[in-house]
Amino acid sequence: MALKYCQGPDCHTYTTQDRLKGMKGSKTFQTRRRSRLLFDEFCDTRCYNDWFATYGTQAVDHFGRLKEVKHLTEENAWVKDYDYNYRDQTNPKSNYRSVNKITKEQRPLTESQYDDSTYTLNER
Ligand SMILES: [Zn+2]
């Protein structure tokens, strides 16, 4: 499996034994290489945080800065809910429901609707 380089800008400056490589007399602390990386880019959360502290503002400016408030409206505030402690055996299905996080309205769901990740009452 191909190794990928940690993208942390200061990865090589953290003096852990696993980063110390090379022949005697020419050893250096080196950027970590891993087959699996955090978010596919970083060896650990420190390197992830270093990257964001260094490049986060540039990245947001590049990909699009939010310039106005976003709104989650009633039409899209439905979430699925399930009561794990539900004990009404006369109506065992009624513990699955959609709940509107704004209006607090509840609507029953069937178990298959609950399990269907594409089923939603949200409009988009
Ligand atoms: Zn790193």
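Visitor: Is Tyr48 buried, partly exposed or exposed?
Guide: This is a predicted model, where local features need pLDDT of at least 70, side-chain atom pairs need 80 or more, and totals for chains, interfaces and linings use all residues. Residues are numbered from 1 along each chain as written, and side-chain values use heavy atoms, leaving out hydrogens and water. Buried means under 20% relative accessible area, exposed over 50%, and partly exposed in between (1.4 Å probe, protein chains only). Tyr48 has 29% relative accessibility, so call Tyr48 partly exposed.

Visitor: And how many aromatic pairs turn up in the whole structure?
Guide: Rings of Phe, Tyr and Trp (its six-membered ring) pair if their centres lie within 6.5 Å; planes under 30 degrees apart are stacked, over 60 edge-to-face, the rest tilted. Searching the whole structure with that rule, the count of aromatic pairs comes to seven.

Visitor: What about Phe42 and Trp51?
Guide: Trp51 sits at 26% relative accessibility, so Trp51 is partly exposed. Its ring centre is 6.1 Å from that of Phe42 and the planes make 55°, so this pair is tilted.

Visitor: Which residues coordinate the zinc ion?
Guide: Look for SG atoms at 2.2 to 2.3 Å from the zinc ion. Along the chain, the donors follow the spacing C-x4-C-x31-C-x3-C. In order, they're Cys6, Cys11, Cys43 and Cys47.

Visitor: How many residues apart in sequence are the parts tied together by Cys11 and Cys47?
Guide: Both of these cysteines are buried. Cys11 is in the loop between strand E1 (4–5) and strand E2 (20–21), while Cys47 is in helix H1 (residues 45–63). Helices (H or I, at least four residues) and strands (E, at least two) are DSSP runs, numbered from the N terminus. The pair therefore ties together parts whose separation in sequence is 36 residues.

Visitor: Three strands form an open sheet, but which stand at the edges?
Guide: The order is E5-E6-E7, with antiparallel pairing; two strands pair if DSSP finds at least two bridges. E6 (residues 96–100) and E7 share three bridges, and Val99 stands opposite Gln106 in E7. The edge strands each have a single partner, so one side of each lacks a neighbour in the sheet: they're E5 (78–82) and E7 (106–108).

Technical notes. Donors are N, O and S atoms within 2.8 Å of the metal (3.2 Å for Na, K and Ca); water is not among the atoms, so sites may look incomplete.
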